[in-house]
Amino acid sequence: MQRIAQVAGAGVAGLTLATALGRRGWRVIVHERSARLREIGAGITLGPTGIEVLTRVGALDDAIADAARVGYWSMYDERGWTVQSQRVRRDMYCCHRRSLHRSLANSARAAGVEIRTSSPVTGATGDALVFGGRDPEVLEGDLVVGADGVDSVVRRSLDGNGLDVTCLDLNASSLRYVLPRRSGEWISDQPEWLRDSRRVGILPLGDAMAVFLSCRRDDKRARTDPLDHDHWISVFPEARDVIERAPEKVLWHNLKEVRCSRWSVGRTALLGDAAFAMASNLGQGAVSAMSAALALADEVTDSDDVQAALARWEARERPGIEYNQVWSRRYNSMATAWPKWLYPVRSATYWVLGKSDELKVRFGGA
């Protein structure tokens, strides 16, 4: 008998899982609360792990069709010193978030996945998703997954079942936008500038660029809407060309870290930001979610006992995920929480960490 998976959330985590399960013969239904599929964000860096996941679910070529291959990345401090730099020797691409999302949606549909838009989940149990209020509809599954983001409805529904959820406010906000690339602008380099507790970074995207601005959430001078272009340019004159082209109206995203003492209840699992959201400083959130999704599909498909498979999956994936969370949080703290008089020490710390072979291989594509 064909097994059924009910998945809440059509982001990169939910679609990666859905595609992997569909290609393994499962009937998969993905529920997206929005009226249409959409991806928030601008660009994403795909290293060897992300490339492997997309290859296995048949989505790589479409995802990187308009991407740029990264040749070099660097970080510069408030004195203009290079505190981290690396020539990338393994395959690494910067691609549009929308291209990644579209490629996963296309691969999911090709694998027979049913994607239901305007299908908001209102709750969950250990073996079902719940929809509606007074007379709720309950859809059971052999596997049920909450991949519905940092404010996960599925997670809140299961919170009384020993999940011990912690949502940590990282006191950091970011905004992202995409610009057409002018001739000679950042063809393969990925620069980042750090000034006090503010950052600007650029990701090359073939014929475009993804730009991010980041600051403390309580930095009222920088975190304005509409954006104060002149102020940001005064702090980051090197990035004048991309800052002055930033949109007037902006949407600041507050960064959070989510930790759960367990990732499943019964046959219901949490995935991606719903289970392990992390700071975006090292660009590991989406790739970690995609990799965990593929591992989850492998584990449950090879087992007749889904609940036991979920326990094994968590035991294998949690150490690597928590490692990524810890280092993402540390980099966020270095950027936002160090006192000004210690900035020279901060720069030296960045430089030392940038020489770590372990971190370079894991995060930098060395």
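Student: Is Cys 95 buried or exposed?

Tutor: Burial is read from relative accessible area: buried means under 20%, exposed over 50%, and partly exposed in between, with a 1.4 Å probe and protein chains only. Cys 95 has a relative accessible area of 0% and is therefore buried. Cys 94, also at 0% relative accessibility, counts as buried. Please note that this is a predicted model, in which local features need pLDDT of at least 70 and side-chain atom pairs count only at pLDDT 80 or more, while totals for chains, interfaces and linings use all residues. Residues are numbered from 1 along each chain as its sequence is written, and side-chain values use heavy atoms, with hydrogens and water left out.

Student: How many disulfides are there?

Tutor: A disulfide is a covalent bond between the sulfur atoms of two cysteines. The rule applied here asks for a pair of cysteine sulfur atoms within 2.5 Å. By this rule the count is 0. The closest cysteine sulfur to that of Cys 94 belongs to Cys 95 and lies 7.9 Å away, so the separation is too far for a bond. Cys 95, whose nearest cysteine sulfur is that of Cys 94, is in no disulfide.

Student: What is the order of the open sheet of 3 strands?

Tutor: The order is E9-E10-E11, and the pairing is antiparallel. Strand E9 (123–124) and strand E11 (137–140) are the edge strands, each pairing on one side only. Strand E10 (residues 128–131) is joined to E11 by 4 bridges. Phe 131 stands opposite Glu 137 in E11.

Student: How many cavities of 30 Å³ or more does a search of the whole structure find?

Tutor: A cavity is a set of points, on a 1 Å grid over the protein atoms alone, where a 1.4 Å probe fits but cannot get out; lining residues have an atom within 4 Å of a point. Grid points are joined across faces, edges and corners, and a volume is the space filled by probe spheres set on the points. The search finds 1 cavity of 30 Å³ or more. The largest cavity has a volume of about 30 Å³.

Student: Which residues line the largest cavity?

Tutor: The lining consists of Ser 197, Arg 199, Ser 214, Leu 255, Asn 281, Asn 332, Ala 335 and Thr 336. The largest share, 3 residues, comes from H10.

Student: Where is Asn 332 found, and which residues does Asn 332 contact?

Tutor: Asn 332 belongs to helix H10 (residues 306–336). Its relative accessible area of 3% means that Asn 332 is buried. Contact means heavy atoms within 4.5 Å. Leaving aside neighbours within four places in sequence, Asn 332 contacts Leu 170, Ala 172, Leu 255, Ala 279 and Asn 281.

Student: What is the accessibility of Arg 109?

Tutor: Arg 109, in helix H4 (residues 97–110), is at 47% relative accessibility and therefore counts as partly exposed. Leaving aside neighbours within four places in sequence, Arg 109 is in contact with Leu 37 and Ile 115.

Technical notes: Helix = DSSP H or I, 4+ residues; strand = E, 2+ residues; numbered from the N terminus. 1 Å grid on protein atoms, 1.4 Å probe; cavity = no way out; pocket = protein on both sides within 12 Å on 5 of 7 lines; lining within 4 Å. Pairing = 2+ DSSP bridges.
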